[in-house]
Amino acid sequence: MVKDLFERIQQNKGPLGKWAKHAEGYYVFPKLEGELSPRMKFRGKDILNWSINDYLGLANHPEVRKVDAEVAQEYGAAYPMGARMMSGHTTIHEQLQNELAEFVKKEAAYVLNFGYQGMVSIIDALVTKNDVIVYDVDAHACIIDGVRLHHGKRFTYQHNDIESLEKNLQRATRIADETNGGILVITEGVFGMRGQQGKLKEIIALKEKYNFRVLVDDAHGFGTLGATGAGAGEEQGCQDGIDVYFSTFAKSMASIGAFVAADQDTIDYLKYNLRSQMFAKSLPMIYTKGALKRLNMLKTMPELKERLWENVNGLQNGLKERGFNIGDTNTCVTPVYLEGSIPEAMAMVNDLRENYGVFLSIVVYPVIPKGIILLRMIPTSSHNASDIEETLTAFEAIREKLVNGTYKRISAAVSQAMEG
């Protein structure tokens, strides 16, 4: 007998979905209110916000808001209508692409209307069933979903482990020889949970021994790393070795959209084969012209990145001085690792928000191993020394409560209520 397709959905909500009844609206899908800034409101209370990726503070910058408003007034929200290939292409899109390519030191670039679907489509377009993909096991979900579309072989290597990568390149080489295919290595410029830079320089050095191409997702590196802000490749002095460079506008650019940059031949190929872009509406003018303004500010206002790193160093050094484990982050992403269960983590975050006015992201299993709580903070150029000191004081208080069992007692009561 054929089962009802939805029977599984009704019985198993998934590792995160099973918490929905108790978590939704507070721990997940929270509703922040007010203008985007370090100080916002949550459920009517003032909170200090460490949970938005507005690295350079452009989201609510008066110059940015002025341009966005002017473009909306001139073009509305819809223009241009249609996909780029049919009726949605403009000289403004071309200008943005040219300026982005120059900024990240590549021959050409192509603007995408979304980052996630853009990365999925880039991977799908770059490889055939004869090719082999080798990618970091900690890759972002957009990379994983892109790899899932691949009909050929794919291997993961241990996170940022060059020895593991080389072993998998040897496997990939044997298979590619048999299938008459090629090899694509995929990594991130900055890993968004742990905050480490991908080992781009070491990966690229392996090209001397193996024949492969490199795709880098630099969503968290673009605008924050490198002398000019061109990202992790510039920071590590190996931008030339990145074959395909990708970043979203949703972090440092505080907007919607993304881009891919490479040599001219590769971009010419991608723009005719990226299904998520060929069959999707063009990026509206409000985001396209808005991105030009934001990019100009990245290039002409180095003080934004300088202020960002003052806050990053202040927060991370303060945490380390107080004995907190922030792993080996070498970027703006600031993780704090604590030991505890999911209910304990929920009790801790509730305490932070309700009693200390600190709002941040909580990451638990299955994103990270069981028994670990990751409190993830994103410093921005809009934060200040007072924000950092207030947060450090709150962290010392919650650590004491975690150690003395306060959250365990609270979580036990929560678990009992859930089971009931």
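**Close-up views of a predicted model**

The structure holds zero disulfides, and the views below are all taken from a predicted model.

View 1. A disulfide is a covalent bond between the sulfur atoms of two cysteines. For Cys-142, the closest cysteine sulfur belongs to Cys-332 and lies 19 Å away, which is too far for a bond, given that a disulfide requires a pair of cysteine sulfur atoms within 2.5 Å. For Cys-332, the closest cysteine sulfur is that of Cys-238, at 18 Å, and this distance is likewise too far for a bond. Cys-142 is buried, its relative accessible area being 4%, and Cys-332 is also buried, with a value of 2%.

**View 2. The packing of helix 4 against helix 12.** Helix 4, formed by residues 91-103, and helix 12, formed by residues 285-300, cross at roughly 30°, and their axes come within 10 Å. The two helices are therefore roughly parallel to each other, because angles under 35 degrees count as such. Helix 4 passes helix 12 in a left-handed crossing. On the side of helix 4, the contact is made by Ile-92, His-93, Gln-95, Leu-96, Glu-99, Leu-100 and Phe-103, while helix 12 contributes Met-285, Thr-288, Lys-289, Ala-291, Leu-292, Leu-295, Leu-298 and Lys-299. Sorted by class, the residues of this contact between helix 4 and helix 12 are nine nonpolar, three polar and three charged.

**View 3. The packing of helix 13 against helix 15.** The axes of helix 13 (residues 302-321) and helix 15 (residues 385-403) are 10 Å apart, and the helices pack at an angle of about 20°. That angle makes helix 13 roughly parallel to helix 15. The crossing of helix 13 past helix 15 is right-handed. Helix 13 makes the contact through Asn-311, Gly-314, Leu-315, Gly-318 and Leu-319, and helix 15 through Ile-388, Leu-392 and Phe-395. Five of the residues in the contact of helix 13 with helix 15 are nonpolar, three are polar and none is charged.

**View 4. Gly-357 in its loop.** Gly-357 sits in the loop that runs between helix 14 (342-355) and strand 12 (358-359). Gly-357 is buried, with a relative accessible area of 14%. Leaving aside residues up to four places away in sequence, Gly-357 touches Asp-46, Ile-47, Leu-48 and Leu-352. The C-alpha atom of Gly-357 is separated by 8.8 Å from that of Ala-394, although the two residues are 37 residues apart along the chain.

Methods: Residues numbered from 1 in each chain as written. Predicted model: local features only at pLDDT ≥ 70, side-chain atom pairs only at ≥ 80, totals over all residues. Heavy atoms only, no water. Axes fitted to C-alpha atoms, helices over the stretch in contact; angles between N-to-C directions. Helix = DSSP H or I, 4+ residues; strand = E, 2+ residues; numbered from the N terminus. Parallel < 35°, antiparallel > 145°, perpendicular 65-115°, else oblique. Left-handed = near helix turned anticlockwise from the far one by under 90°. Contact = heavy atoms within 4.5 Å. Nonpolar A, V, L, I, M, F, W, Y, C, P; charged D, E, K, R; others polar. Buried < 20%, exposed > 50% of the residue type's maximum accessible area, 1.4 Å probe, protein only.
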